Amino acid sequence: MIADDWKSLALNHLAPGLGCIIAFLMGYQAVGVLLLYYSAPLSTLAEVLRTRSAASLHAPLSAMSCVNGSLWVAYGLAVGDAFIWAPNAVGAVFGALQLLLLAIFPRTSSAIAVLQHDIREPLVDA
């Protein structure tokens with residue numbers, strides 16, 4: 001604990017304002033990683049629209065992404081921190097979009113069979 005206080009005191013004394021710059025850079029980095037996390041399941045969007053089946057979407061993950069994003073939005077708005085509420089609002093919307101796709105395009109057995117067939121194909125021909 002003392003070492004952390006010493007480091008922050010030295011940083012503020014030697015380079016005032018640098019701590020704010022580092023905090024903003026780390027905030028932007030966290031926002032970028034969070035947006036990648038929330039948007040990763042949307043990579044199957046073309047597959048869902050092409051097959052008219054949401055078999056490639058995982059319903060529990062979509063629901064929890066929506067709930068998680070919504071709760072963090074509420075917290076971010078309560079503390080007034082845009083680094084918290086803004087990316088999580090995007091995540092809540094992405095989760096809601098996935099849930100909408102799951103409602104519009106139910107899972108079909110033929111689409112699941114196609115997905116399982118694609119997964120079982122060998123990567124390298126022997």
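Helices here are DSSP runs of H or I with at least four residues, and strands are runs of E with at least two. The model shown in these views is predicted.

**View 1. Residues 84-105, a span that is 95% helix and 0% strand.** An unreviewed UniProt entry gives residues 84-105 as one of its "transmembrane region" features, along with 14-38 and 59-78.

**View 2. Residues 59-78, a span that is 100% helix and 0% strand.** Here the end C-alpha atoms lie 29 Å apart.

**View 3. The largest nonpolar core, with 6 residues.** Its members are Val48, Ala54, Leu57, Leu101, Leu102 and Phe105. Apart from neighbours within four places in sequence, Phe105 is in contact with Val48, Leu49, Arg52, Ser53 and Ala54.

**View 4. Ser53 in the loop between helix H3 (45-51) and helix H4 (59-79).** Ser53 counts as buried because its relative accessible area is 1%, where the cut-off is under 20%. The Ser53 side chain reaches the backbone nitrogen of Ala55 at 3.3 Å. Ser53 is also among the residues in contact with Phe105.

**View 5. The salt bridge between Arg50 and Glu47.** The closest N and O atoms of the pair are 2.9 Å apart. Side chains of opposite charge can pair when their charged atoms come close. Both residues belong to helix H3 and sit 3 residues apart, about one turn of the helix. Arg50 counts as exposed because its relative accessible area is 58%, where the cut-off is over 50%. A search of the whole structure finds 1 salt bridge.

How values were computed: Residues numbered from 1 in each chain as written. Predicted model: local features only at pLDDT ≥ 70, side-chain atom pairs only at ≥ 80, totals over all residues. Heavy atoms only, no water. Core = buried A, V, L, I, M, F, W, Y, C linked by side-chain atoms within 4.5 Å. Buried < 20%, exposed > 50% of the residue type's maximum accessible area, 1.4 Å probe, protein only. Contact = heavy atoms within 4.5 Å. UniProt positions renumbered as here; feature names shortened; annotations may be inferred. Polar contact = N/O pair within 3.5 Å; in protein donor to acceptor, adjacent residues only side chain to side chain. Salt bridge = Lys/Arg side-chain N within 4 Å of Asp/Glu carboxyl O.
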